[in-house]
Amino acid sequence: MSFLEAIGALDAQRAAPLYQQLQHAVREAIERQALKPDQALPPERDLAQDLAVSRITIRKAFDGLVAEGLLTRRQGAGTFVAARVEKSFSKLTSFSEDMAARGRKATSSWLNRSEGAVTPEESLTLGLSPGTPVYRFNRIRYADGLPMALEYSTIPAACLPGLETVTTSLYRALAEAGYRPNRALQRLRAVLFNAEQAELLGTTAGAAGLLIERRAFHSGQAVEVTQSYYRGDAYDFVAELNDGPA
């Protein structure tokens, strides 16, 4: 089904502005799956001509849908229907690896990258002595420019040559240092984003999210503690279950 067939015609005689009509039509088409995840939308200039509206109207409508996380823009490729990301609990992978496996570009915006002494809570979680140096990496994670998660990681300083070794992928840096995790314990729970978290993730205060708390190990040694806050409207978490002996 083409984009125009999926959304139908706009009506200039209606009271609602044309950009709001277009947003509503696209939103409904996505909900009923007339527009599929990762489906490319026609160029804005073509849509403006086909729908007999200005390009400003098309851009304003799409801007709002991008902000909602329903559409995503890919540099040099155009505008696409956003695809929810499925994160498997059965495989230990990083955010960058998850995005690469789905053909999406992972980027980050640093909130904090610092060195300090382990806190009492971190000391217990990581099995470190009081005063042990650790590195902290706090950032916003993006997929194709859309904010997807807030990530707060603590790593024993002995596991990395320095702060600057972590650029895009934390797990790549740990692998290069010989400390890539090979086992992890994870806990998932539902949360509601506060105002600060919502602003960083481009959503609204009180929006539903998912908190993943991970403690990862390399050869029995705890090498990572991470809290990741994922947008609930963009992520699905799946786990494979097998019927084993009781």
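The legends below describe close-up views of a predicted model.

In this model, local features need pLDDT of at least 70 and side-chain atom pairs count only at pLDDT 80 or more, while totals for chains, interfaces and linings use all residues. Residues are numbered from 1 along each chain as its sequence is written, and side-chain values use heavy atoms, with hydrogens and water left out.

**View 1. The aromatic pair of W110 and F137.** Three aromatic pairs occur in the structure; rings of Phe, Tyr and Trp (its six-membered ring) pair if their centres lie within 6.5 Å, and planes under 30 degrees apart count as stacked, over 60 as edge-to-face and the rest as tilted. W110 and F137 make a tilted pair, 6.0 Å centre to centre with 55° between the planes. W110 lies in strand β4 (residues 106–117) and F137 in strand β5 (residues 133–143), 27 residues apart; strands are DSSP runs of E, at least two residues, numbered from the N terminus. Together with Y135, these residues form one aromatic cluster.

**View 2. Charged ends over rings.** The charged end of R113 sits over the ring of W110, 4.3 Å from its centre, and that of K60 sits over the ring of Y19 at 4.2 Å. Such a placement requires NZ of Lys or CZ of Arg within 6 Å of the ring centre and within 35 degrees of the ring normal.

**View 3. Accessibility of W110 and F137.** F137 is buried, with a relative accessible area of 1%, whereas W110 is partly exposed at 28%. Buried means under 20% relative accessible area, exposed over 50%, and partly exposed in between (1.4 Å probe, protein chains only).

Definitions and conventions
Helix = DSSP H or I, 4+ residues; strand = E, 2+ residues; numbered from the N terminus.
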